[in-house]
Structures are given as structure tokens and as C-alpha cells.
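Biologist: Hi! I'm new to this one, could you walk me through it?
Modeller: Happy to, let's bring it up.

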Amino acid sequence: MFKRYLLLGAFFLPFVSHAQEIVNRDPEIERYVKAISADSMKASVEKLVSFGSRHTMSSVTDATKGIGAARRWTLSKFQSYAKNSGGRLTAELQSWTLKPDGRRIDKEHEIANVVATLKGTDPADDRVFVISAHIDSRAFDIMNRDIDSPGANDDASGVATALELARVMAQAKFPATLVFLIVSGEEQGLYGADYYAQQAVDKKWNLEAILNNDTMGSSAGSETSVIDNTRLRVFSEGLPAYQTAEQAATIRSIGAENDGKTRQLARYMKEVGERYVENLEVVLIYRNDRFQRGGDHTPFVNRGFAAVRITEMNENFDHQHQDIHTEKGKEYGDLIKFMDFEYLRKNAGVNLATLANLAKAPQMPQEVKIEVKGSANYAKLNWKAPKSGKVKGYYVLMRETYQPFWQKKFFVTDTSVTLPYSRDSYFFAVQSITEGGNESLPVIPLPTGR
Ligand SMILES: [Zn+2]
């Protein structure tokens, strides 16, 4: 009665003892990850710091100083990479006017996002995967637009990462579209991300994942002398912030409070990132963000998109949101010399591997269901093929309900499977995969047959 299946991947369940881990890399993605250059990212951070202040309210017209000059330089870098892309990479400035908000915007001011798009090759595939970072910087006084605020780590590290990924992947031909999104106004109230996320809703863009990189290039935290360049944090919300009463009831009834789509994206990032980047652990933080702090993923999360925040393991608060000065022999300020570009290179690799694997994968399987009628000590799942993408088969993922990560993978070529594990005692999800092994995001099954 059971459909044929194969076991793959890493096994931690006690009843499987003879398995070994298989690292299956896509040679194209591996080549891109290896092409990421720490020196190239350092040069980008140096250039961004040279604009003095990148405060959102700083000059937008000065040729060499202020956020306007920084945005134009970033645009020109994307455009230089676009020359190698056969016309598929394009970049533009999207500008609008910020009105005074009684908080951190004290007068009308021009704001702009830099948006670079690597168009997908499959016209039937409408998926968009986004890497974002913020170009604006700040000093101690959030309103001070004149003082130098180098923002080397917060967040030139993220901007340099997005630029480097565009450089390396400009010639790639993925079925889905990638967007390299450089926003402004993060420190003043997430204005740039909010603007882009609202456009995505209004224009019905199919944004499947947003990787928000903010403050991810320093390996030395404050309050400790420990250098940790082997761990990277990925923050993800649990319960979706944006849900209807009906969705909330479903989550409650099937116990899916740890299986929202942002959480699935975070798990995916851990598995794929660690597959391609050596000596780096992706640490999942089951929380939307740090206490009392915000980030550009949140405007997306609040609109129902899957969006994570990527941040270094230990932040250094002496080198964040500080004026450059020395006090009692201690140096303050967000300067390049406090960064670790080898760590940044690895963190960029996690982003690249995740985005490339997503963009090469087929779309997610559709209408994933788990049969719940009657009583049974097995699990019967069925689904439909994805809307686009060539599928070799599917992974059915399984874990015990108290476990944070997927524990087993079953490979199936059909669109249904019966597994000898109780539907009541495990969680399941299904991914579509290509011939080369690129997996879509997993979809958790909804009950059917009630
Ligand atoms: Zn930041």
C-alpha cells in the first residue's frame, strides 16, 4: 500500500542509525559562491563611507557628499554589472517625496530606493526573490544629518553584499527574477522598505522571499572579547503578523504556529546556506527582530510576505549609531576598521546560495493536502504540480512536532505518497525539486477529507 520512496539527507531520528550526510551542491551555485570577493566588498564599503553622511535627510544634490551621491554611485555600480547581463539586469532610482511626520522627518525631502532587477528567463514564472539592505546611516543624534556617519557595518555591509551578488550573478540565467533592493529611510522609520512593500501589494508582485541584510559584517561583539566569525543570525517571525481570523483558526487547529512561511524561509536558508558555505553556522532566531529594534523586513512581514532579517551573531554597540570619538581610551563609531570582511564574504555566500537555489527551483507544489478522514497511523499526502518549472520530483519533509528543524526527507516522483508515520505525531511539508536538486520553499499540507 505504500508508495515507493527513498530516504535522503541528514537523519537524526533514533530509528535510523546507518545513514550518512550527503552534501549535494549545484556546481553553478558553488561557482558563484566561490566568486564572492571580500576585497570587492571592502572596496564598496570604503566608497560608501567616503560620502561622509548618508543620513536620509542629508544632501541629495551634492556631487561627492551625502545620500544622493551615495545612491547615484550605487546605481552606477549596478549599471556597470548590467553590461555583462545580456540586457537582463537593469537598475533604476525610484524616488518620491517624504513629508514631515512629526518624528524623524522634520521637513519635506526627496527620498529614493536603488532597485536592480535580474529578470527571470521563464515568462511563465512570476516569482521574485529579493535581497535588501539600507543605504542610509546615522550618528548618535538621529536628526543630525551634517556630522559624519560612516555606517560601515550598519548598513554598508548589506549594500556591499547586494552589490557583490549582482556582480557575481549578472550573467546567470535563472527562471525566476531576483531583485537587489537598496532602500533609504530605514533609520527614520523604514520608509524605503515600506514604499517598496506597498508597491508589491498594489502591483500584485509575487514576492516569495525577502532577505533583509542589516549589520552583518563585524565579528567582534561588545561586552565580550570573543570573536565569532562562524555564526550568523537569521531572525524570523513565528505567527504571521498578517492573518485573517480564519487563517489563525487553521494555525491553531493544525499546530502550525512554528511553520509560518517566514519560518520556512529561515529553515531553508539554514539548510542551503550551510550546504555551500564552509565553517559557518546559520543560527535561527525564532523571533521577528531584536528587542526594541526594527528592520526593513518588517514592512514586508506586516503585509504577509516571507521576510527574514540577517544580522551578525554579536552586535557591537560601540560601533553602531555612535559619533566618531574616543572616550576613556575607547573608540566609538561605525568604522571600516572594526569590520571583518572574511566574515562578510561568508555571510554574502549564505545569501547568494539561498537566492540562487530559490531562483533555479521550480515553483512550490500547489494544493498540498494531508488526508485526515477516519483514523489511521500513517500519513497520506497529495499535491499538484507547480505552476511553472521542470520537476524531477518532490521532497516530503518530516519532523517530530517538538523539533525545530526538518529531520527526514523522502524523495517521490509522484504527486502523492503514503508514509508509515502517524499523521498525528509528525509535521510534514512538500518541496518541488529540479533535476539538479534545487528545492522550492516547502509547503505545509492542509487537512482534507474532514
Ligand atoms: Zn541598520
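**The zinc site and Asp289**

Biologist: Which residues coordinate the zinc ion?
Modeller: His134 (NE2), Asp154 (OD), Asp214 (OD) and Asp214 (OD) coordinate the zinc ion, at 2.0 to 2.5 Å. Donors are N, O and S atoms within 2.8 Å of the metal (3.2 Å for Na, K and Ca), and water is not among the atoms, so sites may look incomplete.
Modeller: Please keep in mind that this is a predicted model, where local features need pLDDT of at least 70, side-chain atom pairs count only at pLDDT 80 or more, and totals for chains, interfaces and linings use all residues. Residues are numbered from 1 along each chain as its sequence is written, and side-chain values use heavy atoms, leaving out hydrogens and water.

Biologist: How are the donor residues spaced in sequence?
Modeller: The spacing is H-x19-D-x59-D. Asp154 lies in helix α4 (residues 152-169) and Asp214 in the loop between β6 (206-213) and β7 (231-236), so the pair ties together parts 60 residues apart in sequence. Helices (H or I, at least four residues) and strands (E, at least two) are DSSP runs, numbered from the N terminus.

Biologist: Are Asp154 and Asp214 buried or exposed?
Modeller: Both Asp154 and Asp214 are buried (under 20% relative accessible area, with a 1.4 Å probe and protein chains only).

Biologist: New topic: where is Asp289?
Modeller: Asp289 sits in the loop between β8 (281-286) and α9 (298-301). Asp289 is buried too, with a relative accessible area of 7%.

Biologist: What does the side chain of Asp289 reach at 3.3 Å?
Modeller: That is the backbone nitrogen of Gly295.

Key: Buried means under 20% relative accessible area, exposed over 50%, partly exposed in between (1.4 Å probe, protein chains only). A polar contact is a pair of N or O atoms within 3.5 Å; within protein, one must be able to donate a hydrogen and the other to accept it, and residues adjacent in sequence count only if both atoms are side-chain atoms.
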